[in-house]
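Welcome! Please take a moment to look over the sequence and the fold before reading on. The report below walks through them step by step.

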Amino acid sequence: MTNIVLGNNQYGKAEVRLVRITRDEPRHEIEDLNVTSQLRGDFADAHLAGDNAHVVPTDTQKNTVYAFAKDGVGSPEDFLLRLGRHFTGEFDWVTGGRWAAEQYTWERIVTDAGEHDHSFVRGGTETRTAVVQIDGDETRVIAGLQDLTVLKSTESGFVGYPKDRYTTLAETTDRILATSVTSRWLYNRIDLDFNAVFADVRRLLLAGFSRNYSHALQNTLYDMGSDVLEAHPEIDEIRFSTPNKHHFVVDLTPFGLENPNEVFYAADRPYGLIEASFLREGAATDDRAWIGIAGFC
């Protein structure tokens with residue numbers, strides 16, 4: 001058919017599992033990433049004519065990830081920037097792409113003698129994420145985290161909502177508020193110490209979750225997002241996807257017992273799903289850097 005044209009397309013190697021051990025000294029360091037490389041550019045002949053002259057094999061992309069790790073990883077953002085610059089610089093027809101990583105944390109095992117030099121246990125409650133988008137001369141970096149599970153045992157309530165004949169939820173001024181935070185934030189520059197900024201954003205998210213009485217999870221997300229944007233002018237936008245981890249007070253009256261918010265049933269589903277984005281005034285409301293990043297409103 002002559003009326004069929006090729007639309008947006010990209011390809012690459014997904015979820016390259018990379019573990020890098022730095023062993024120059026007796027005290028080893030471990031970096032553990034899941035890396036995805038996707039290229040964009042002039043690949044029309046591959047789709048339309050079966051000509052692979054421009055198709056850099058996905059296996060080559062995988063091997064490049066491992067080869068680049070030989071020189072060290074550093075922050076996931078910097079590692080992805082190195083990969084993106086390599087592919088767009090090495091192959092003239094590659095005009096851009098999307099490089100993404102998840103980073104898993106490891107903590108040193110502590111023995112009677114102290115921290116062990118080369119034994120580790122998986123640590124942290126969250127996975128760090130990073131995405132680099134290159135489109136011609138434009139490079140954009142989005143950092144983030146997922147599965148940061150947080151809970152406050154009081155100083156949260158939910159009242160004043162509309163009620164109709166299907167409403168059974170009782171108002172409360174004292175409840176457990178818990179969620180698993182997935183958040184991503186968009187940088188407006190890339191000459192940064194990404195590790196330092198990530199650590200401080202994580203600190204601010206936890207502080208914002210904890211600080212004020214929460215009238216709803218939406219209210220708490222605003223506290224968290226505004227804290228980050230006020231402290232970091234290099235961030236233009238932060239997005240959240242946060243499922244409620246509901247905790248319901250168990251009725252102990254059949255057993256002749258009182259339950260003043262002490263014993264709860266933790267329900268895993270169904271759950272409320274609260275999503276929001278907060279932007280610096282004047283920032284683009286639909287930046288192209290977010291293309292291909294699912295899971296947010």
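## A first stop: Asp147

Asp147 has its place in strand β7. Helices (H or I, at least four residues) and strands (E, at least two) are DSSP runs, numbered from the N terminus. The phi of Asp147 is near 65°, a positive value in a residue other than glycine. Asp147 is partly exposed, with a relative accessible area of 40%. Here buried means under 20% relative accessible area, exposed means over 50%, and partly exposed lies in between (1.4 Å probe, protein chains only).

This is a predicted model, where local features need pLDDT of at least 70 and side-chain atom pairs count only at pLDDT 80 or more, while totals for chains, interfaces and linings use all residues. Residues are numbered from 1 along each chain as its sequence is written, and side-chain values use heavy atoms, with hydrogens and water left out.

## The chain as a whole

The chain has five helices and twelve strands. Its C-alpha atoms fill a box of roughly 75 × 65 × 35 Å, taken along the principal axes. Of the 297 residues, 41% count as buried.

Contact means heavy atoms within 4.5 Å. Among the contacts in the chain with a separation of 6 or more, 66% come from residues 24 or more positions apart.

## The sheet

Eight strands form an open sheet in the order β1-β2-β3-β6-β7-β8-β9-β12, with antiparallel pairing. The edge strands are β1 (11-22) and β12 (273-279), each of which pairs on one side only. From one strand to the next, the twist averages 15°. Two strands pair if DSSP finds at least two bridges between them. Strand β6 (residues 127-135) and strand β7 (residues 138-152) run antiparallel and are joined by nine bridges; Val132 stands opposite Val141 in β7.

Two helices pack on this sheet. Helix α2 (residues 58-69) touches β1 and β2 (29-41), and its direction makes about 20° with that of β1. Helix α4 (residues 194-211) touches β6, β7, β8 (177-187) and β9 (235-243), and its direction makes about 35° with that of β7. For these angles, axes are lines fitted to C-alpha atoms, for helices over the stretch in contact, and angles run from 0 to 180 degrees between N-to-C directions.

How many of the residues of β9 are buried? Eight of its nine residues are, so that β9 is mostly covered. β9 pairs with β8 in the antiparallel sense over six bridges, and Trp185 stands opposite Ile238 in β9. Seven bridges join β9 to β12, again running antiparallel; the bridge partner of Pro243 in β12 is Leu273.

Leu279 also has its place in β12. Leu279 is partly exposed, with a relative accessible area of 31%. Not counting residues up to four places away in sequence, Leu279 touches Leu229, Asp236, Glu237, Ala284 and Thr285.

## Nonpolar cores

A nonpolar core is a set of buried Ala, Val, Leu, Ile, Met, Phe, Trp, Tyr and Cys residues joined through side-chain atoms within 4.5 Å. The largest one has 52 residues, and those with the most contacts inside it are Val35, Phe79, Leu83, Trp185, Tyr187 and Leu205. The largest share of this core, seven residues, comes from α4. Leaving aside neighbours within four places in sequence, Leu205 is in contact with Leu145, Ser183, Trp185, Met224, Val228, Ile238 and Phe240. Another core, of eight residues, lies apart from the largest one, and includes Ala100, Val131, Leu186 and Phe296.

## The largest pocket

About 470 Å³ of space lies in the largest pocket. On a 1 Å grid over the protein atoms alone, a pocket is an open set of points where a 1.4 Å probe fits, with protein on both sides within 12 Å along at least five of seven lines; lining residues have an atom within 4 Å of a point. Grid points are joined across faces, edges and corners, and the volume is the space filled by probe spheres set on the points.

The lining has 22 residues, of which Phe158, Leu169, Arg175, His246 and Phe248 lie nearest the centre. β8, α5 (217-231) and β10 (247-249) each supply at least two lining residues, and β10 gives the most, with three.

## Backbone details

Most residues other than glycine have a negative phi, and most peptide bonds are trans. Glu155, in the loop between β7 and β8, has a positive phi near 60°. A cis peptide bond joins Arg269 and Pro270, with omega about -10°, and Pro270 lies in the loop between β11 (264-266) and β12.
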